[in-house]
Amino acid sequence: MRDTSDVANMRDAVILAAMDLAAEHPEVVFLESDLAGCSNSTMFQKQYPDRFFNCGIAEANMVGVAAGLSSMGFVPFAHSFGCFATRRAYDQLFLSVGYAKQRVILIGTDAGVTAQLNGGTHMPFEDVGLTRLIPDLIVLDPSDTQSCYELVRQAYESGHSVYIRLRRKGSTHRYALGTKIELGKGIVLNEGKDLSIVATDEAMVNEAVKAVEALKEKGISAGLVDMHTIKPLDTELLEKLSQQTGRILVCENARYAGGIGEAIAAHLAKTCPAKMDFVCVGEEFGEVGKQDYLMKRFNLTCADIVAKAEALAKR
């Protein structure tokens, strides 16, 4: 297992996981959509030049090639920006990978507002909803480099196809090597008695951590869970949170429609209902801007979490 405390970017954590798996498994290959410089998959290319394939700016074809390689016994990693990995290649991901029961680990970078200056055309708010609809596909949204690295390895070992969404540049170092990180199991970062905050994505977990402290100063005890696995959901933990506090605030860097908040609400509605609210993107497209501006523009900040948590605690 690798210590990622010195990894400078989230993109490097997933590439290092792929490289370490390739060292152990000769069937691992990497496909790129002419974005090797953006994803830093050049590291993989230099180490394994005969196992790296640049498919060009043809994302749907790339996923089809990945499915074909899987049918021949390879385990392909494939990368593009999240908008192209899901929206543009969706039919291939659904049919050639999912329906045909092939195995592909798809990496979608620049998730949600982290697309920043690439703007609305490159800003995937709906990738969570699209990938959740594919049967047996694991969907990951890690909050730091160590969880990213370890979850990719665990997803590989699961034998399932995977979609992992993350930002490319910059990193958070939340978990030390040796922290218990388990695919499909949320990580409790704080216990609370008034409400439970469930957050996914690096940006939203970071904002939620600040919100818990701000709420504490207001006399509100808020629990916090890093729900790094969107699918399969940690339903056992969610039901426990509902029983403990009866109030759950879900925070995600994605659309409510099809997102993890909708998935949690649907599950709890039939098992253990709670009073709920959501910090997420509504019926909107993305736009151009730096991340700080976009977090405010789409109401994803610590202040937004605090305001909704206060209102929820009073309900």
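What volume does the largest cavity have? In this predicted model, the volume of the largest cavity is about 30 Å³.

## Domains

An automatic or database assignment divides the chain into domain 1 (10–166) and domain 2 (187–314). Between the C-alpha centres of domain 1 and domain 2 the distance is 26 Å.

## Interface

Contact between the domains involves 28 residues of domain 1 and 31 residues of domain 2. Together, domain 1 and domain 2 bury about 2,300 Å² between them, and carbon and sulfur atoms give 59% of that area. On the side of domain 1, Val113, Phe125 and Arg132 supply 29% of the area buried against domain 2, more than any other three residues.

## Cavity

The structure holds one cavity of 30 Å³ or more. The residues that line the largest cavity are Met10, Thr114, Pro142, Leu166, Arg167, Asp201, Glu202 and Ala203. By class, this lining divides into four nonpolar residues, one polar residue and three charged residues.

Which domains contribute at least three residues each to the lining of the largest cavity? Both domain 1 (10–166) and domain 2 (187–314) do.

Technical notes: Residues are numbered from 1 along each chain as its sequence is written. This is a predicted model: local features need pLDDT of at least 70, side-chain atom pairs count only at pLDDT 80 or more; totals for chains, interfaces and linings use all residues. Side-chain values use heavy atoms; hydrogens and water are left out. On a 1 Å grid over the protein atoms alone, a cavity is a set of points where a 1.4 Å probe fits but cannot get out, and a pocket is an open set with protein on both sides within 12 Å along at least five of seven lines; lining residues have an atom within 4 Å of a point. Grid points are joined across faces, edges and corners, and a volume is the space filled by probe spheres set on the points. Ala, Val, Leu, Ile, Met, Phe, Trp, Tyr, Cys and Pro count as nonpolar, Asp, Glu, Lys and Arg as charged, and the others, Gly among them, as polar. Contact means heavy atoms within 4.5 Å. Buried area is the accessible area (1.4 Å probe) that two parts lose on being put together, summed over both.
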